[in-house]
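Some notes on this entry follow, as numbered points. Please read them beside the structure.

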Amino acid sequence: MSDLSFAPPRGMRDFYPEQMAVRNAIFSAWKQSAIRFGFEPYDSCVVENLDLLKRKGGEEITAQLYTFKDKSDRDLSLRAEMTPTLARMIVAKENEWVFPLKWFTIAQCFRYERMSRGRKREHYQWNLDIVGETSVAAEAEVVATALHALETMGLGAGDICVHVSSRAVLSDLMAHLGIPREHHAATFLALDKRGKVPDSEIASLLGESGLEAAHIESAFKVLGITSLEDVIALLGPSCSSTEQLQMFFNLMGSYGLSDQLKFDVAVIRGLGYYTGIVFEAFDTSRTFRAVFGGGRYDNLLADLGGKPCTAVGLGFGDVVVAELLADRGKLPHPAEYKDLAVSFMEETQRGAALATAQSLRRNGQSVDLSLHPEKPKHFFSRVGKAGFRRAIYIGPDDVARGAARIKDLINRSEAEFLLPQ
Ligand code: HAM
């Protein structure tokens, strides 16, 4: 036993009460915002069929799966993201739905990643998805919901910017520059690595996927475009992919969120299934990784064997936002459970202390009741260190007169408290 490590497995986290307070505050902002915007909760098991998660085509996520066999030799995996599971669940009952569906979940996801700041091997991911809506109103609604959650956590326009692009626009640009459409999917995944690996490595990847040297040069040229106006100038004013993107920006203006958006052709996303608008939210100083990311994935349900069905969604992890909140001094206070402590001097006052705690609990207050008699000095030192806000200590005299003192441990005031009869 002496070799036992007390650290969790590498990349996994323990949540002590202090970290739980942060996690709960984040989960609560996520849940409240999803419900405020009309999303319904759903869930599934963290263990998924490997076949569903394993995809062909060079996505990093496939190589990062935590896979295993069960005792009946089934190939399984811990989920790395929720989107394939959501698609499977919708296809499984595809004739039952009244579209569009607006669903949310908070899913623990596992990816065997190279560890770095903001990147763990396990994280919780809030997923917001709208299934069965073709209009870009769906993209606008999911992004607005995520920005609402960030605002609830105290992170607004000065803190967060959503970088937006469109795979459909990128595809049209590539086609315009002569890159054949059959190479676009591989080109997206290779270009998404920009900044993470040297351009020479991306060029080799593009070459390996069958792109000619001139087309490789064109692919890099696409990333040099800096404004939507330049895109429109290249593709012409009546191109449907750019129209969609413009419509999205207009809608976000109607939500009052224009100041939190920017066109950024470099947002491509590393997952293969996106087909239309894609976006990633970053802190405005670009210190951290993406806070959330998502986009339109109109073919995934059909690719899994379902009827054709459009979809839009995003994933928003707990790790980066917690780092950002800490950086901005906006981490929630862990005192939420430590409101009132009740204790007693001798066994004969246990009944009165218990009745006091129970009556306050029935009135909706959070009360910690001592489980054994304790000396007043010990009690007040203990609850002071633990950060309780208020305390009631019951001795024999208090029981005799039917009242005790309730002490505010923060401003040091006291008041009379009538003991329940
Ligand atoms: P993703 O960009 O791979 O998208 O992940 C979404 C978010 O999850 C990231 O922006 C980040 O906040 C968080 N995240 C991802 N991996 C890690 C990690 N290793 N450690 C910490 N946080 C992480 C997806 O997963 C898509 N399935 C999202 C989606 C939903 N698209 C449509 N619907």
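How many residues of strand S7 (residues 160-166) are buried?

1. This is a predicted model, in which local features need pLDDT of at least 70 and side-chain atom pairs count only at pLDDT 80 or more, while totals for chains, interfaces and linings use all residues. Residues are numbered from 1 along each chain as its sequence is written, and side-chain values use heavy atoms, with hydrogens and water left out.

2. In strand S7, 7 of its 7 residues are buried. Buried means under 20% relative accessible area, exposed over 50% and partly exposed in between, with a 1.4 Å probe and protein chains only. Strands are DSSP runs of E with at least two residues, numbered from the N terminus. Ile 160, Val 162, Val 164 and Ser 166 point one way from S7, and Cys 161, His 163 and Ser 165 point the other way. In a regular strand the side chains alternate between the two faces of the sheet.

3. S7 pairs with two strands (pairing takes at least two DSSP bridges between them). With strand S9 (residues 277-283) S7 runs antiparallel, joined by 7 bridges; there Val 164 has Phe 279 as its bridge partner. With strand S8 (residues 261-263) S7 runs parallel, through 3 bridges, and His 163 stands opposite Lys 262.

4. The ligand has 25 residues around it, of which Glu 81, Thr 83, Lys 120, Arg 269 and Tyr 274 come nearest; near means that a heavy atom of the residue lies within 4 Å. By class the shell divides into 9 nonpolar, 9 polar and 7 charged residues. Here Ala, Val, Leu, Ile, Met, Phe, Trp, Tyr, Cys and Pro count as nonpolar, Asp, Glu, Lys and Arg as charged, and the others, Gly among them, as polar.

5. Polar contacts are pairs of N or O atoms within 3.5 Å; within protein, one must be able to donate a hydrogen and the other to accept it, and residues adjacent in sequence count only if both atoms are side-chain atoms. A ligand nitrogen is 2.7 Å from a side-chain N or O atom of Tyr 274, and a ligand oxygen is 3.1 Å from a polar side-chain atom of Gln 125. A polar backbone atom of Leu 314 lies 3.4 Å from a ligand nitrogen.

6. Where does Gln 421 lie? Gln 421 is in the segment after strand S16 (414-418) and is exposed, with a relative accessible area of 92%. A polar side-chain atom of Gln 421 is 3.3 Å from the backbone oxygen of Leu 419.

How values were computed: Helix = DSSP H or I, 4+ residues; strand = E, 2+ residues; numbered from the N terminus.
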